[in-house]
Amino acid sequence: MDLDVFVTAHRAEWDRLEALLGRRRRLTGAEADELVALYQRTATHLSLIQSSAPDPQLTGRLSQLVARARNAVTGTRRASWRDVTRFLTEGFPAAVYRSRRWWVPTALLSTAVAVLLGWWIGTHPEVQASIAAPDELRALTRPGGQYETYYSSHPAASFAAQVWTNNAWAAAQCLIFGVFLGLPVLWILFQNMLNLGVGFGLMSSVGRLDTFLGLVLPHGLLELTAVFVAAGTGLRLGWTLIDPGQRTRRTALAEEGRAAVGMAIGLALVLFVSGAIEGFVTPSGLPTWARIGIGVAAEGAFLAYVFVLGGRAVRAGATGDVEASERSASVPLAA
């Protein structure tokens with residue numbers, strides 16, 4: 001596309017749109033219709049320039065013009081409780097459901113890695129010796145040792161807040177680092193599975209695997225699921241850079257990125273629940289079966305939320321992205 005010819009052909013329309021936006025008096029009906037038409041054309045022009053002949057100065061001017069026109073046409077939109085409800089019942093579960101082909105395999109493979117690491121550590125004394133000195137290992141694994149007292153070492157409320165902050169940050173890192181082709185996400189995921197595998201292996205080596213599982217499962221089921229969802233979404237975001245499909249790479253990354261930001265908020269809420277369980281239920285005096293039952297119930301509720309509510313929302317057209325009226329205009333691509 002010859003940019004100079006394109007600008008010459010359409011400058012009058014842009015100037016007219018800017019003039020209409022600058023009017024202090026109320027527009028007539030004909031002027032309002034003209035503003036809408038010019039807004040749609042200018043949005044298309046902007047998309048064409050961005051994809052074919054990007055020019056920073058011209059793109060900046062048209063982006064500002066399109067944004068002003070969108071505000072004039074649609075009005076200023078304010079968030080409401082209805083938006084919160086829509087996000088919790090449609091946007092977030094739909095985004096998690098759409099990513100299931102990434103996070104479900106991630107969960108299965110990661111769990112297998114953690115189990116294999118635990119088996120390797122638990123059956124090889126030389127590996128255990130490389131982790132810590134014998135006295136330190138006994139301090140970790142003995143009855144009333146550090147693995148057990150960790151969950152009751154601080155007041156429940158402050159411990160839950162600390163756990164929630166750490167886990168939310170780990171999940172956010174998985175989502176953020178997805179844009180680097182997903183490679184840092186794999187490292188974060190491996191570190192989490194390694195920590196789990198070490199505890200699994202050390203406690204099984206002294207015959208106390210049941211105690212370890214009784215401490216980890218109540219909160220760990222939901223917590224790890226949230227981490228797997230974040231990691232799978234981060235990997236999907238990285239793959240979008242490699243294969244955007246029928247969308248332009250810019251459009252694909254914008255759509256998946258907006259959905260990932262929404263998922264970060266939703267996962268923070270999920271991790272808040274798992275943090276509360278870790279702070280108040282895991283160290284409680286409840287029987288092991290009761291503590292694990294609470295964890296299984298929380299996990300089952302989340303999976304039902306995703307696969308029932310999220311699946312229904314996706315079939316109704318939800319994607320987890322913002323509504324179509326709030327997205328940037330784009331030019332359709334041929335199949």
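1. Start with the largest pocket. Its lining is made of 25 residues, and those nearest the pocket centre are Tyr 150, Tyr 151, Asn 195, Leu 196 and Glu 223. Keep in mind that this is a predicted model.

2. Which elements give two or more residues to that lining? They are α8 (146–149), α9 (156–176), α10 (183–205) and α11 (209–242). The top contributor is α11, which supplies eight residues.

3. The volume of the largest pocket comes to about 760 Å³. By residue class, its lining splits into 14 nonpolar, nine polar and two charged.

4. Now Gln 128. This residue sits in helix α6, which covers residues 125–131. Is Gln 128 buried or exposed? Its relative accessible area is 12%, so Gln 128 counts as buried, the cut-off being under 20%.

5. The contacts of Gln 128 are worth a look in the viewer. Leaving aside residues up to four places away in sequence, Gln 128 touches Ile 121, Gly 122, Thr 123, Leu 137, Leu 202 and Ser 205.

6. On annotation: an unreviewed UniProt entry places "transmembrane region" features at residues 102–121, 168–189, 221–239, 259–277 and 289–308. Two of these spans can be set against the model. Residues 102–121 are 100% helix and 0% strand, with end C-alpha atoms 28 Å apart. Residues 259–277 are likewise 100% helix and 0% strand, and their end C-alpha atoms lie 27 Å apart.

Terms used. Residues numbered from 1 in each chain as written. Predicted model: local features only at pLDDT ≥ 70, side-chain atom pairs only at ≥ 80, totals over all residues. Heavy atoms only, no water. 1 Å grid on protein atoms, 1.4 Å probe; cavity = no way out; pocket = protein on both sides within 12 Å on 5 of 7 lines; lining within 4 Å. Points joined across faces, edges and corners; volume = space filled by probe spheres on them. Helix = DSSP H or I, 4+ residues; strand = E, 2+ residues; numbered from the N terminus. Nonpolar A, V, L, I, M, F, W, Y, C, P; charged D, E, K, R; others polar. Buried < 20%, exposed > 50% of the residue type's maximum accessible area, 1.4 Å probe, protein only. Contact = heavy atoms within 4.5 Å. UniProt positions renumbered as here; feature names shortened; annotations may be inferred.
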